[in-house]
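Open your viewer, get the selection tool ready and follow along stop by stop. Each stop tells you what to select and what you will find there.

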Amino acid sequence: ASQGHVRDLPKSQMGVDIEHDYEPKYITIRGKGDILAALRKEAKKADKVYLATDPDREGEAISWHLAAALKLEDKDIYRITFNEITKNAVKASLKEARKIDMNLVDAQQARRVLDRVVGYGISPLLWAKIKRGLSAGRVQSVALRMICDRENEIDAFIPEEYWTMEASLNIKGEKKPLVAKFYGDRNGKIDIKNAAQMQKILDEVKNSGFSIESVKKSEKIKKSPLPFTTLQQEAAKTLNMSTKRTMNIAQQLYEGVDIKGRGTVGLITYLRTDSTRVADEAKVASKDYISENYGEKYLPQSSNAKKDDKKIQDAHEAIRPTDLSLSPALVKESLQRDQFRLYQLIWKRFVASQMAPAQYETTSVRIGAGEYIFTVSASKIVFDGFMSVYTQEDDEKGGSLNLLKELGPDSELTLKELEDKQHFTQPPAHYTEASLVKA
């Protein structure tokens with residue numbers, strides 16, 4: 001109802017009394033007068049006022065500012081919070097109304113005051129040296145420092161030369177050649193540093209026969225991903241969305257979208273979180289959904305939860321759909337394109353996080369060539385688990401496992417060709433908006 005903040009520090013001056021205990025001076029934000037007047041009128045008629053702003057420090061502070069701006073001191077004020085805007089969550093929050101938490105309010109005020117003191121201290125320096133209108137502060141200064149450190153790292157980087165070699169081998173009775181990578185010798189791995197070293201190894205390998213030394217088969221599991229805490233990184237990578245756009249659309253999905261036949265529904269839980277915790281009722285709902293739609297074998301044997309990290313505040317759950325039965329396909333008609341794409345990403349990632357791990361069958365082959373060793377390995381998915389719903393770019397697609405399966409100590413190998421390549425190590429990458437957010 002307040003459409004965000006209603007009071008803030010004045011723009012034209014510091015607004016913080018540094019001499020007197022950093023006392024902030026608040027004024028009504030320009031353009032919010034009418035909203036406040038309308039709300040005052042409504043509050044006068046009510047015997048109870050519930051403040052239901054966002055469930056974080058910022059939200060707590062907005063509730064406190066509202067209470068002051070609406071002169072609610074003599075009224076009974078009830079603060080309620082919910083992590084998802086659904087009928088059940090809102091009804092439950094009304095039963096657990098509380099007083100405004102001044103610790104949270106003070107945490108937000110401290111940030112705001114720090115912003116102002118640092119910002120209004122540094123910004124004039126920027127205006128004098130670079131150009132007017134730029135702002136610097138608590139966050140920009142740190143981000144700038146990180147970017148400068150990375151640039152210095154890139155400037156100071158000295159590329160190092162290294163070489164790789166691959167042997168293309170014909171297998172008797174097989175049409176397709178086998179490509180094996182140079183590993184090292186009997187004593188272990190060898191890093192080839194220059195052309196002379198490469199040439200010496202090439203000459204020795206060319207004149208020796210190739211034979212299979214060992215074939216090892218193993219099972220490998222790939223764990224399900226955790227549900228999202230920071231959505232920006234993944235949305236930038238897979239949907240090519242900017243950080244700001246991602247957060248705007250996530251806010252729309254959280255506040256609610258008009259779904260045909262359902263009215264306005266909050267589709268996801270609160271979007272600013274640093275926890276991978278999932279509510280018990282969501283775990284139960286996901287279990288039912290997965291066994292019904294994918295089958296019992298897709299349920300994990302044990303919980304996929306991550307051990308608690310003591311450093312996080314864990315006030316909110318991980319970002320997840322509020323109702324799993326509202327699958328992306330079901331709500332597609334009611335959503336705009338980007339809303340759909342982001343919701344689908346969140347929905348798939350959450351369902352995957354509650355599923356069984358994927359299982360691979362892996363075969364690794366060691367091939368001897370005189371003193372030297374070449375290796376080749378391939379894997380194939382034997383059970384797709386969570387990957388039936390969600391895969392990432394770096395998930396292995398599996399190689400030519402069938403070819404390796406046929407190999408044994410008696411397989412005859414002949415050299416088709418050797419390919420050597422020169423490479424240079426690369427400096428660390430420049431930050432993108434998303435990788436900077438993550439860092």
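**Stop one: Thr322**

With a relative accessibility of 15%, Thr322 counts as buried, where buried means under 20% relative accessible area, exposed over 50% and partly exposed in between, using a 1.4 Å probe and protein chains only. Before you go further, please note that this is a predicted model, in which local features need pLDDT of at least 70 and side-chain atom pairs count only at pLDDT 80 or more, while totals for chains, interfaces and linings use all residues. Residues are numbered from 1 along each chain as its sequence is written, and side-chain values use heavy atoms, with hydrogens and water left out.

Now look at where Thr322 sits: the loop between α9 and α10 (328-331). Helices (H or I, at least four residues) and strands (E, at least two) are DSSP runs, numbered from the N terminus. Which backbone oxygen does the side chain of Thr322 reach? Select Gly266 and you have it, at 2.6 Å. Then show the contacts of Thr322, meaning heavy atoms within 4.5 Å. Leaving aside neighbours within four places in sequence, these are Glu84, Thr86, Gly266, Leu267, Ile268 and Thr269.

Not counting residues up to four places away in sequence, Leu267 touches Leu253, Val257, Ile259, Arg320, Pro321, Thr322, Leu326, Leu335 and Tyr343.

Leu267 also belongs to the largest nonpolar core, which has 50 residues. Such a core is a set of buried Ala, Val, Leu, Ile, Met, Phe, Trp, Tyr and Cys residues joined through side-chain atoms within 4.5 Å. Select Leu253, Leu267, Leu335, Leu342 and Tyr343 together, as they touch the most other members. At least two residues of this core come from each of α7 (231-239), α8 (243-255), β11 (257-259), α9 (280-293), α11 (337-353) and β13 (358-369). Which element gives the most? Colour α11 and you will see it, with nine residues.

There is a second, separate core of 28 residues, and its members include Leu169, Ala180, Phe182 and Met198.

**Stop three: α7 against α11**

Two packed helices are described by the angle between their axes and the distance between the axes. For α7 and α11, the axes come within 11 Å and cross at roughly 115°. Here axes are lines fitted to C-alpha atoms, for helices over the stretch in contact, and angles run from 0 to 180 degrees between N-to-C directions.

To see the contact itself, select Leu231, Glu234, Ala235, Thr238 and Leu239 on the α7 side, with Arg341, Leu342, Leu345, Ile346 and Arg349 on the α11 side.

Zoom in on Arg341, in helix α11. Its side chain reaches the backbone oxygen of Leu239 at 2.8 Å. The side chain of Arg341 also makes a polar contact with the side chain of Asp338 (2.8 Å). A polar contact is a pair of N or O atoms within 3.5 Å; within protein, one must be able to donate a hydrogen and the other to accept it, and residues adjacent in sequence count only if both atoms are side-chain atoms. Setting aside residues up to four places away in sequence, Arg341 touches Leu239 and Met241.

**Stop four: Leu202**

Move to helix α6 (residues 195-206) and select Leu202. Is Leu202 buried or exposed? At 5% relative accessibility, Leu202 is buried. Beyond residues up to four places away in sequence, Leu202 touches Met165, Leu418 and Asp420.

Leu66 is in helix α2 (residues 57-69) and is buried, at 7% relative accessibility. Apart from neighbours within four places in sequence, Leu66 contacts Ser2, Val6, Leu36, Leu39, Leu51, Thr53 and Leu72. The C-alpha atoms of Leu66 and Ala369 are separated by 78 Å.

Next, select Tyr78 in strand β6 (residues 76-79). Tyr78 touches Lys48, Val49, Tyr50, Leu51, Ala97 and Arg98, not counting residues up to four places away in sequence.

Finish in the loop between β2 (16-17) and β3 (23-24), where you will find Asp21. Asp21 has a positive phi of about 60° although it is not a glycine, and it is exposed, with a relative accessible area of 70%. Tyr22 lies in the loop between β2 and β3, with a positive phi near 55°. At 45% relative accessibility, Tyr22 counts as partly exposed.
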